[in-house]
Amino acid sequence: MPGNTLLTIDMVTKEAVMIFKNSNLFIMNMDTQYDPAFGVDGAKIGETLRIRLPNDYVVYDGPALQLQGTNEQYTTLTLSSYKSVAVGFTSKERALDIDNYAEIILQPAVNNLAGKVALTVMQASEGGVCNFVANLDGGGNIISPTAEQFLQANAIIDDNSGDPMTRRVVNDPTTDARTTLSLQGLLNPTPEISAQFRTGMMKSGLGYERWFRDQTVIKHTTGAYASDATVNGGGQSTGPQGGTILVSALNKPLNKGDFITFANVNAVNFVTKQSLGTLRQFCVTAAVPVGATQIPIFPGLVPSGTGVAGGPDQQFQTVDSSPINGAAMTLATPASVTFRKSIAFVQKAITLGSADLIIPKKAVEECARAEYDGISLRILTDFLTGTDQMVTRMDCIFGQTYIRPQWCCAIADRI
């Protein structure tokens, strides 16, 4: 009878990285990028990748040439996170075939590793998503969303020129259950309704190619701010990628990820630059304490060429006008509340970037790394003399960026 063939580290690594990519729905539905530049020496924490953003131009009237510059915008993806999981194994387990080894050893470990990576990306939505919708009751309290809120989110992404073909919704599991229940009586194509009935989950519809639930959807707690501050100085603007706006001193704080508006400062359509007639929402990109007079925001405050509504169009314009001196700054949500923060998004709006980690040259029994569909994973096995154990560890170095936050919209649900 032939003896067992021990699994090689290359086989295990290739299997593990495929399990990683396919074990978390949020990771499967975002843009994943692998940087081969670190393939020789390996990447290190803090190394960066600069990503070019789409250009924007202004359309003019008449035959006369009006040449405009190309002001390229960039964002940076930093390899800021390093996640690992380590397991012990026996020679008997290493003698299993790859399917059994994957089921017994790899899948539980890789599933948890992928979940932690997904959670890190999800947490970055605090300050990385700049649009918000909620269903409110008569008292102004957040309640569960209906079809209307998901359609509103879709319209917001339209106004920001998001790709209509790759739209997704990642729901908190409870929100997804509530949404599936609320929409079950609508007249829809039989296959979609049947799929929702069989799985108990939303599948597609309302303009979104895919719906899915994920345990890593976060819960956001808003600051205690109660609309006491006003703009300190009219005519303020920032760069397209955000900046700060001066206000009177806050008597209550704002939290990172809060959404604010300024009186009479309306959003514009990304393509036409025409005012939408609705207040532009800005995301607070860092916590703001009591007494602060500067609010960091995204998107940037880019008004018309004259700074007032109806003025000439501007490249990367985000609002019809600058806030006037004394304009009220308002929290777009109730203060001091916690809500489930599901996200409607375009696939290319969120980027997860990974790179190769170094392969040690000494003191390691086995080491391999593999890349699959934009994800790089390293696995190494070594013998610990102090505990007489063979251990295998899996490592992933990565960074994330909400590369086009305008193509995302938070959808609130009650706790």
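**Burial, cores and salt bridges in a predicted model**

D373 is partly exposed, with a relative accessible area of 46%, where partly exposed covers the range between buried (under 20% relative accessible area) and exposed (over 50%), calculated with a 1.4 Å probe on protein chains only. The structure is a predicted model, in which local features need pLDDT of at least 70 and side-chain atom pairs count only at pLDDT 80 or more, while totals for chains, interfaces and linings use all residues. Residues are numbered from 1 along each chain as its sequence is written, and side-chain values use heavy atoms, with hydrogens and water left out.

D373 is found in the loop between β20 (366-372) and β21 (375-384); helices (H or I, at least four residues) and strands (E, at least two) are DSSP runs numbered from the N terminus. The phi angle of D373 is positive, at about 50°, although the residue is not a glycine. S336, in the loop between β17 and β18 (338-346), is another residue other than glycine with a positive phi, near 55°. Most residues other than glycine have a negative phi, and most peptide bonds are trans. A cis peptide bond, with omega of about 0°, joins F298 and P299, and P299 is found in the loop between β16 (294-298) and β17 (329-331).

F298 is also among the residues in contact (heavy atoms within 4.5 Å) with Q406, together with C130, N131 and N160, when neighbours within four places in sequence are left aside. Q406 itself is placed in the loop between β22 (389-401) and β23 (408-413).

The largest nonpolar core has 62 residues, and those with the most contacts inside it are F26 and I350; such a core is a set of buried Ala, Val, Leu, Ile, Met, Phe, Trp, Tyr and Cys residues joined through side-chain atoms within 4.5 Å. Helix α4 (residues 98-123) supplies the largest share of this core, 12 residues. A second, separate core of 21 residues includes L254, V284, L301 and V319. Beyond residues up to four places away in sequence, F26 touches A118, V121, M122, V170, F212, D214, F345, I350 and Y402. T216, which counts as buried at 9% relative accessibility, likewise touches A118 and M122, along with G115 and L119, when residues up to four places away are not counted.

A search of the whole structure finds 12 salt bridges, each defined as a side-chain nitrogen of Lys or Arg within 4 Å of a carboxyl oxygen of Asp or Glu. One of them is formed by K341 and E126, whose closest N and O atoms are 2.6 Å apart. K341 lies in strand β18 and E126 in the loop between α4 and β5 (132-133), so the pair ties together parts that are 215 residues apart in sequence. Both K341 and E126 are buried.

In a further salt bridge, the closest N and O atoms of R168 and E209 are 2.2 Å apart. This pair links distant parts of the chain, with R168 in strand β8 (residues 167-171) and E209 in the loop between α7 (190-199) and β9, 41 residues apart. R168 is buried, with a relative accessible area of 3%, whereas E209 is partly exposed, with a value of 40%. The side chains of D172 and K219 also meet in a salt bridge (3.9 Å, N to O). D172 counts as buried at 4% relative accessibility, whereas K219 is partly exposed, at 44%. Through salt bridges that share partners, D172, K219 and R340 are joined into one network.
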